[in-house]
Amino acid sequence: MILNVSHIRKSFGEKCVLRDITFSVNTGERIAIIGPNGTGKTTLLKIIQGAIIPDGGTVHLQNGARIGVLSQYDDLSDERTIFEEVRSAKQALLDGLWTLDELARQLATVTVDHDELLRRHGNLQQELEASGAYAVDRDVRAAIFGIGFTEADLKRKVAGLSGGERARLQLVKLLLSAPDLLLLDEPTNHLDLDGVRWLEDYLSHHTKSILFISHDRYFLDRMATKVLSLNDGRSDLYTGNYSAFKRKHAQRLEAEYQAYKNAARERARQEAVIKKLKQFNREKSVRRAESRRKMLDKLAVIEDPRQRAKTVDVLITPERISGKDVLMMTDVRRMMNGRILFQDVNIHLRRGEHVALIGPNGCGKTTLLRTLLRREMPDAGEVRHGTGVTVGYYDQKQASLPENKTVLAAVHDCFPERTEGMLRNTLAAFRFFGDEVLQKIDSLSGGERARVLLCILFLRHPNFLVLDEPTNHLDIEMRESLAHLLCEYEGTVLIVSHDRGFINDVADRILSFEEMQIVSYLGDWDDYEKKRASVSNGQVHGSGGDVSDGAAAWAERKAREAARRKCGQDLKKVKESMTKAEVKMASLQRQLNDPAHAADFVKLGAWQRALEDLEFSYLDLLEKRESLEREQEAYEREED
């Protein structure tokens, strides 16, 4: 065991973040820390590294073990080149090589203690060979290229790097320093898809222990051997990756829900008995009722576990339907600082398509979005929007929010015709409850700001959603909720994302930046990966052309998804009709029972006939609802 964390507690003011956290990390384990934003994941890592003192509990690290931390504050040297800075992570081996050369020089010139020098030289040479010292430069170059830099970047000064580039450099330095325990907080941030693949491959061969925070489901599935789930200040440790955690957690929630239902049923039964005993109005029965009441009051109230789910519970419905053709880009070219970002781009989006735009960092994805939105002009080519298209744009820079206003005021400014109650209800669906809507925008975290922007965006009811990195700063639950919400959306979606799980959930087509052009692939992320493998094996596709492998399967899945969405919409309409019928039947029944109308036989007869007609209609709706619910359950079983 390399690390033992025992009964850790930590509060900030009146807010208790960590109540009783206990777990251990064995050598070679890769433990993922997950949980909604604000549950103390980063705080826990800082306590382990010693940057925060806990209010209680202990952290014990194995003697001599070294911790490596991916921090938001870097210690990079601005005067070095990228190659020099990364190479410095192997300084101990480089020093060993220098010492070996020095021993070799002494062997060539010194006559005394020759055997001792030879022994030291041999031992050090063997040690350096085992440590990979002779492959330092090769390993450094491979790591630099793997994290997204190029040959031309090797001589760039660290001082000229962007924040994202510095973060990647810091990560690769940390990995090459090979500590005994790695602490990684969102290591895939600032990485494009190729960089994430490299990181997964590197860490999968890493023999030391890793404790990491991530909201990327694919990364979690490939990396985690255990999952530490934080919620309400407490922790649960699950063996396996994220998918295994989801299965086990769902089973646990189901067991808790059954216990809740049983307890609620027993409580209701006891309440009924108490009520009946009191009705007898005898001294003995009253005493028995009081005795049962005392016993009932001592029973712990079990919370409905479904109430703990913090998911988005809204439906995006376009205010109006667009024409069949939503976006047409023809032979578009864009240049930046004298170099071509992309050229000969041809994109045709049709109503109802859900498309993901992917590509390496710096290839021009955001520029392409701003061009197709006509916020920037192309250097060549044409961009057209279809009939009746209304665009909703999510800007990853989150620049459109008023910093000095509260959450509620910011949303109200966009929708002044809506009441505060209506806006509070919608904000609650995006996890802003009670006084949380009175927080100032400038005090919000990145994830909270993202939720405000998404709330405003969806309240506009556009029919064409353009989302630039919408999952940045969102926790897993929120990402899964957003994916579900977009799957139910009937309009057109274009997203830029590096989250493969999110792309897999939402996209039915992928546009990939390849050599300054766009290649279109039918299907989701898994389909894209298979087709890219076939392309690398010799199958070539032109710019803008659909990769047609599996087109029939894609069309079938598309039709099935459309049918599933229609089933959900039909069920919603049936339930609304049933509610209206119930209200009307209750109104008619009150009129029939009103003594004031007892002598008006004409009205009574009309109301009775109307009530009977409604009851027959209600029975038809009830059968329709049951049929649609069975159909919906069948679709859910297919997804599982």
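Modeller: Start with pairing: two strands count as a pair if DSSP finds at least two bridges between them. Keep in mind that this is a predicted model.

Colleague: How do you know that strand 10 and strand 13 pair?

Modeller: Count the bridges. Five bridges join strand 10 (residues 325-336) to strand 13, and the cut-off is at least two, so they pair. The two run antiparallel. Within strand 13, Ala 380 stands opposite Arg 333.

Colleague: What order do the strands of the open sheet come in?

Modeller: The order is 11-10-13, three strands with antiparallel pairing. In general, strands of a sheet pair through backbone hydrogen bonds.

Colleague: What makes strand 11 and strand 13 edge strands?

Modeller: Strand 11 (339-350) and strand 13 (380-385) each pair on one side only. On average, neighbouring strands here are turned by 15° against each other, ignoring direction. Lying across strand 10, strand 11 and strand 13 is helix 11 (residues 365-372), which runs at about 125° to strand 10.

Colleague: How do you know that the span of helix 3 agrees with what it should be?

Modeller: Helix 3 (residues 91-109) has 19 residues, so at 1.5 Å a residue it should span 27 Å. The expected span uses one less than the number of residues. The end C-alpha atoms are 27 Å apart, so the two values agree.

Colleague: What do the buried residues of helix 3 pack against?

Modeller: Helix 2 (82-87), helix 4 (114-131) and helix 5 (136-146). Among those buried residues are Leu 93, Gly 96 and Leu 100.

Colleague: Which members of the largest nonpolar core touch the most other members?

Modeller: Leu 169, Leu 184, Leu 203 and Phe 212, out of 50 residues. A second, separate core of 49 residues includes Ala 410, Ala 450, Phe 502 and Trp 525. In soluble globular proteins, nonpolar side chains tend to be buried together.

Technical notes:
Residues numbered from 1 in each chain as written. Predicted model: local features only at pLDDT ≥ 70, side-chain atom pairs only at ≥ 80, totals over all residues. Heavy atoms only, no water. Helix = DSSP H or I, 4+ residues; strand = E, 2+ residues; numbered from the N terminus. Buried < 20%, exposed > 50% of the residue type's maximum accessible area, 1.4 Å probe, protein only. Contact = heavy atoms within 4.5 Å. Axes fitted to C-alpha atoms, helices over the stretch in contact; angles between N-to-C directions. Core = buried A, V, L, I, M, F, W, Y, C linked by side-chain atoms within 4.5 Å.
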